[in-house]
Amino acid sequence: TYSVLVMNTVGTAISANALLGFVPLDTWGDNSSAQLGFPGTAINAIAVATGAWHSLALRTDGVVLAWGDDSAGQCDVPPALQPVLAVAGGGYHSLAIQADGTMAAWGANDSGQSSVPAGLAHVIGIGAGALHSVALCRNGTVAAWGDNSLGQTNVPVGLSNVVAVAAWGNHSVALRANGTVVVWGENNGAEGSFVGQSVTVPLA
């Protein structure tokens, strides 16, 4: 059971008690690259992410674990990585938000997907596509880099007030504070036919 004590010059307040529990990891599906065989050190996990054929887990102590396909170094967690707040897995690369609000990236970089833009700071959300990466900054703006062959890193001009981002394949998604969704990038499936993953639909 946990509670939080908040203090400032005005006064002091304590929250109601909240029960915090940790659920053991479980995995299922394709295991061709041992992406389901999490290590014994994957305990007290508070976040997980998956790439094409690799998996990531974030522990309560800020440590990141990675396993599965490591053909491009996507499971080689940098030894100098700071305590981490969030993780994301791309096709063959991995992303993390460090405690100071900066980003770390490792693994494949053939399209620049692991080359975090210089000066990127105050990151609060991340997404990883097959060959690109997306970051949400505290001021509600979005940055994207990596492969742009299908417009997946062309952040719409004027996009603001974003509260969450996601990416996969060759498209990117942003959720704005007013509940609207903005999507950009590819609209075709693997066979080349239109499937509309970058077309928003009215929400009920």
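V183 is buried, with a relative accessible area of 17%; buried means under 20% relative accessible area, exposed over 50%, and partly exposed in between, computed with a 1.4 Å probe on protein chains only. This residue belongs to a predicted model, in which local features need pLDDT of at least 70 and side-chain atom pairs count only at pLDDT 80 or more, while totals for chains, interfaces and linings use all residues. Residues are numbered from 1 along each chain as its sequence is written, and side-chain values use heavy atoms, with hydrogens and water left out.

V183 sits in strand β14, which covers residues 181–185. Helices (H or I, at least four residues) and strands (E, at least two) are DSSP runs, numbered from the N terminus. Setting aside neighbours within four places in sequence, V183 is in contact with H171, S172, V173, Q197, S198 and T200, where contact means heavy atoms within 4.5 Å. The C-alpha atom of V183 is separated by 9.0 Å from that of Q152, a residue 31 places away along the chain.

The view can now widen to the whole chain. Its secondary structure comes to zero helices and 14 strands. Of the 204 residues, 38% count as buried. The C-alpha trace spans about 60 × 40 × 40 Å along its principal axes. A compact globule with 204 residues would have a radius of gyration near 17 Å, and the 18 Å of this chain agrees with that; the radius is taken over C-alpha atoms, and the globule rule is 2.2 Å times the number of residues to the power 0.38. Among contacts between residues at least 6 apart in sequence, 34% join residues at least 24 apart.

How are the strands arranged into sheets? Strands of a sheet pair through backbone hydrogen bonds, either parallel or antiparallel. Here, two strands pair if DSSP finds at least two bridges between them. Five bridges connect β4 and β5 in the antiparallel sense, and the bridge partner of L58 in β5 is V64.

Another open sheet of three strands has the order β6-β7-β8, and its pairing is antiparallel. Because β6 (84–89) and β8 (103–107) stand at the edges with a single partner strand each, one side of each is left without a neighbour in the sheet. Strand β7, residues 93–98, is joined to β8 by five bridges and runs antiparallel to that strand. In β8, M103 is the bridge partner of I97.

Within the pairing, A135 stands opposite A143 in β11. Strand β11 (residues 142–146) is mostly covered, since four of its five residues are buried.

Which side-chain features tie parts of the chain together? A search of the whole structure finds two aromatic pairs; rings of Phe, Tyr and Trp (its six-membered ring) pair if their centres lie within 6.5 Å, and planes under 30 degrees apart count as stacked, over 60 as edge-to-face and the rest as tilted. The ring centres of F38 and W67 are 6.4 Å apart and their planes stand at 65°, so this pair is edge-to-face. F38 lies in the loop between β2 (12–14) and β3 (45–50), whereas W67 lies in strand β5 (residues 64–68), 29 residues apart. F38 is partly exposed at 32% relative accessible area, while W67 is buried at 8%. The rings of W53 and Y92 have centres 6.1 Å apart and planes at 40°, so that pair is tilted. W53 lies in the loop between β3 and β4 (54–59) and Y92 in the loop between β6 and β7, so the pair ties together parts that are 39 residues apart in sequence. W53 is partly exposed at 33%, and Y92 is partly exposed at 31%.

Finally, the cysteines may be considered. The count of disulfides comes to zero, a disulfide being a pair of cysteine sulfur atoms within 2.5 Å. C75 is buried at 12% relative accessibility, and C137 is buried at 9%.
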